[in-house]
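Thank you for sending this model for comment. Please read the points below with the coordinates open beside you.

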Amino acid sequence: MATCLLLHIPLKSPNPNSRTSKITCSSITDQSQVAKRNLLNLVSDQERGLSTQKNPIRRASIIEAIDALASLSKDTVTTGDSLSATWRLLWTTEKEQLFIIQNANLFGTEAGDVLQVIDVEKRTLNNVITFPPAGVFFVRSTIEIASSQRVNFRFCPLVVSDLQVRF
């Protein structure tokens, strides 16, 4: 079944005194792109989620936009090989990550990029918080594909030799 987004679009007419309009249908892909741009716009000034902690209305708007995008992509496989990549965190509600980002100044630095490095084939997910110029906080985890759109992860036990916090 096709999904249509109805828009009123004025058309140029040979007669400037007449007005006509056209109804157009947009594809799910077009709707997804609009939803994605809306979400990116909502999170663009939220300092990865720090500002959102103090603004429940904005947080609700962002979560609603996430849900809208998820709804448009409900039949898409998001746990395949294309998930394997290095992903930059733009926004989160995850309190531990936000705590580290917010309090990096206690270590005399600022948080840089916050990344997730995912390898579906190797079943790994690594969280990385960088502290320029050379610091990093690194947490290893394993992943299990739970469904076509869901990945469960489990933190690996910390071994002292694995601790990679450097400032």
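The numbered points that follow go from the strands to the helices, the cores and the backbone.

1. Basis of the note. This is a predicted model, in which local features need pLDDT of at least 70 and side-chain atom pairs count only at pLDDT 80 or more, while totals for chains, interfaces and linings use all residues. Residues are numbered from 1 along each chain as its sequence is written, and side-chain values use heavy atoms, with hydrogens and water left out.

2. Strand E5 and its cover. Helices (H or I, at least four residues) and strands (E, at least two) are taken as DSSP runs and numbered from the N terminus. Strand E5 spans residues 124–131 and is mostly covered, since six of its eight residues are buried; buried here means under 20% relative accessible area, exposed means over 50%, and partly exposed lies in between (1.4 Å probe, protein chains only).

3. Pairing of E4 with E5. Two strands are said to pair if DSSP finds at least two bridges between them. Strand E4 (residues 114–119) runs antiparallel to E5 and is joined to it by six bridges, with Leu115 standing opposite Val128 in E5. The two strands form a hairpin with four residues between them.

4. Pairing of E5 with E6. Strand E6 (residues 135–145) pairs with E5 in the antiparallel sense over eight bridges, and Asn126 stands opposite Arg140 in E6. These strands also form a hairpin, here with three residues between them.

5. Helix H3. Which residues of helix H3 are buried? In this helix (residues 95–102) they are Gln97, Leu98 and Ile101. They cover an arc of only 95 degrees around the axis, taken from the directions from the helix axis to the C-beta atoms, so they lie on the same side of H3. On the other side of H3, Lys95, Glu96 and Phe99 are exposed. The buried residues of H3 pack against E4 and E5, where contact means heavy atoms within 4.5 Å.

6. Nonpolar cores. A nonpolar core is a set of buried Ala, Val, Leu, Ile, Met, Phe, Trp, Tyr and Cys residues joined through side-chain atoms within 4.5 Å. The largest has nine residues in all, including Leu98, Ile101, Val114, Ile129 and Phe131, and the elements that give two or more residues to this core are H3 and E5. Apart from this core lies another, of six residues, among them Leu39, Leu42, Val43 and Ile62. Not counting residues up to four places away in sequence, Ile129 touches Gln97, Ile100, Ala111, Asp113, Val114, Gly135, Val136 and Phe137.

7. Backbone points to check. Most residues other than glycine have a negative phi, and most peptide bonds are trans. Arg123, in the loop between E4 and E5, is not a glycine and yet has a positive phi of about 60 degrees; with a relative accessible area of 39%, Arg123 is partly exposed. Glu47, in the loop between helix H1 (28–43) and H2, likewise has a positive phi, of about 50 degrees, although it is not a glycine. The peptide bond from Pro132 to Pro133 is cis, with omega near 10 degrees, and Pro133 is placed in the loop between E5 and E6.

8. Helix H2. Ala68 lies in helix H2 (residues 56–72) and counts as partly exposed because its relative accessibility is 37%. Ala68 and Ala35 are 33 residues apart in sequence and 7.0 Å apart in space, C-alpha to C-alpha.
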